[in-house]
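Hi,

Here is the structure I promised to send over.

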Amino acid sequence: MTKMADSGSSVEIVEGCRLPVLRKNQEHEDEWPLAEILSVKEVSGRKLYYVHYIDFNKRLDEWVTADRLDMKKLQFPKKEAKTPTKNGLPGSRPSSPERELKRKVEPVPLVPQVPPAPPVASLPASTEASPAAVYPAARETNTFKTREDHDQISSLTTNGTARRLIPSQPGRKRKANCGPTDEMIKVLQYNKPQSASVFLPPPEDSQDSSDGIPSAPRMTGSLVSDRSHDDIVTRMKNIECIELGRHRLKPWYFSPYPQELTSLPILYLCEFCLKYLKSLKCLQRHLTKCNLRHPPGNEIYRKGTISFFEIDGRKNKNYSQNLCLLAKCFLDHKTLYYDTDPFLFYVMTEYDSKGFHIVGYFSKEKESTEDYNVACILTLPPYQRRGYGKLLIEFSECTKSMMSKWACYLKCYPIICPSGYELSKVEGKTGTPEKPLSDLGLLSYRSYWSQTILEILMDLKPDNGERPQITINEISEITSVKKEDVISTLQYLNLINYYKGQYILTLSEDIVDGHERAMQKRHTRIDPKCLHFTPKDWSKRGKW
Ligand code: ACO
Ligand code: ZN
């Protein structure tokens, strides 16, 4: 039972209490979401409360003054809470003993946890798996013959976001499995030449169903499936501010920098080797000795001012560990391990006369049993929302499929291939980012996958006047996007329909127009010609 506080009496707010707290929403209006008190401290005789807004992303957690608390609705921690807070008081989260804290604040590298494999998006049962085709056809010449057919196709075409037309029929339940991704899919094309339609299976058990997929960053909830490593210490941001070159960064989450650095108003980082220093003076002294003007490792890509450096977590341990520490400030759901050896880091930089400035990076396991081609991905906040995230993703897609330069070329730029259909013959590796994705990670990958898949579908050409056909496997091979991600993206775009035993994807004019607009914004793309990269087969090496 939750005890309500008596607003008249003076009550002590302790860790674990919940109450509405005043904050500004995205429109800068006042709102009073429920929050939990994670910590209380006194500064110059004034109490400050560290609050976590329930159902909001942790990066919005903050210290607030008492006047922002709605004491009338104060709820005390539940009596039955089993795990004590660090003050020994009951709280909603497990705490860590001080020795745990000491161990945690060692500067350890960040590499991701390996979560259980996510539920796999499914395809129809094999009885319905006979190949279907993707046919381009003019609106007037569609193959729907009956009035009923016509109504159905009308509702497909008039609805900007095409929806499933045929309700599940009794006895015809398309059970979730990962079966016939070789099933051909029909594409309908209307008057507008680019406006094609494709048909596909609606997986039922996918975790990525279009329901609940955010179109803006998810301000609510945590995407973390396993937070057993989380405690009252690591739940709180511990670094106030980081100076990195000409940028000041405000961390979003806890990062295990040494404890003595957490009380500083500003932590200084060398922007080239990422070494952390406690004062500007120390940084300046360091800069007289540090010769780096770019990340270590090999520069494997350069076009214009954008470069990528490949860094071996074993050969450049210090740099990799420092990068992980910095990245952890903005990544909430990754577990810390000490060992960077099994990882490669791809750091993207922007060049000017002073050097190669880090913009973002992604890491990947040298060998992934799960087909993960990205472990962590990050664009540093000053560079976010400018297309760099997609550039990082595009580059990661490119490196994973680079069995040969040509294969990469085809995969990165499938539309330059004379016939889109032939691309399906290209052998290559598909991969997927490690799950769970963060809210922003999901938005970015969704957007990237949508654009990549739509590029393929819209480029399908009629085959002898017939509608083009394509299978999920082919889409996956052409784009290097894993099957499950292809399916979830098609669901997210709401393109999947089932009609007369066939799965159909409909590309409405809205979808096509939206895609064209989005592609115009993607002015910076990875140019495979600028890549100088020989993939290593790590499995054939005795040791990383
Ligand atoms: N609000 C709304 N949409 C957003 C936002 C945002 N704040 N940020 C990204 N998006 C979406 C947009 O849809 C955008 O697509 P659009 O151009 O079609 O609108 C898409 O994401 C990509 O935008 P970019 O500018 O290319 O990406 P950005 O450079 O901002 O980087 C990233 C995205 C890497 C996820 C960045 O937000 C980040 O570093 N976040 C913190 C770390 C993180 O969460 N990483 C992913 C973890 S999952 C993993 O590591 C496998
Ligand atoms: Zn340095």
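Let me start with one helix. In α9, the buried residues are E484, D485, V486, I487, S488, T489, L490 and Q491. That makes 8 of the 10 residues in this helix, which runs over 483–492, so α9 is mostly covered (I'm counting a residue as buried under 20% relative accessible area). Bear in mind throughout that this is a predicted model.

Next, the zinc ion (ligand 2). Its protein donors are the SG atoms of C270, C273 and C290 plus NE2 of H286, and they lie 2.1 to 2.3 Å from the ion. The site is tetrahedral, with angles of 96 to 120° among the 4 donor atoms. For comparison, the ideal angle for four tetrahedral donors is 109.5 degrees. Along the sequence, the donor residues follow the spacing C-x2-C-x12-H-x3-C. C273 counts as buried because its relative accessibility is 14%, and H286 counts as buried at 11%.

Then the charged pairs. Searching the whole structure turns up 20 salt bridges. Here are some of them:

- R23 pairs with E31, with 2.6 Å between the closest N and O atoms. R23 has 11% relative accessibility, so it counts as buried.
- E62 pairs with R68, the closest N and O atoms being 2.8 Å apart. At 25% relative accessibility, E62 counts as partly exposed.
- K529 pairs with D527, and here the closest N and O atoms are 3.4 Å apart. D527 counts as buried at 11% relative accessibility, whereas K529 is exposed, with a relative accessible area of 56%.

There is also a network to look at: E394, E455, R522 and R525 are joined into one by salt bridges that share partners.

That's what I have for now.

Cheers

Key
Residues numbered from 1 in each chain as written. Chains lettered and ligands numbered in written order. Predicted model: local features only at pLDDT ≥ 70, side-chain atom pairs only at ≥ 80, totals over all residues. Heavy atoms only, no water. Buried < 20%, exposed > 50% of the residue type's maximum accessible area, 1.4 Å probe, protein only. Helix = DSSP H or I, 4+ residues; strand = E, 2+ residues; numbered from the N terminus. Donors = N, O, S within 2.8 Å, 3.2 Å for Na, K, Ca; no water. Tetrahedral: all angles 85-135°; square planar, octahedral: opposite > 155°, others 65-115°. Salt bridge = Lys/Arg side-chain N within 4 Å of Asp/Glu carboxyl O.
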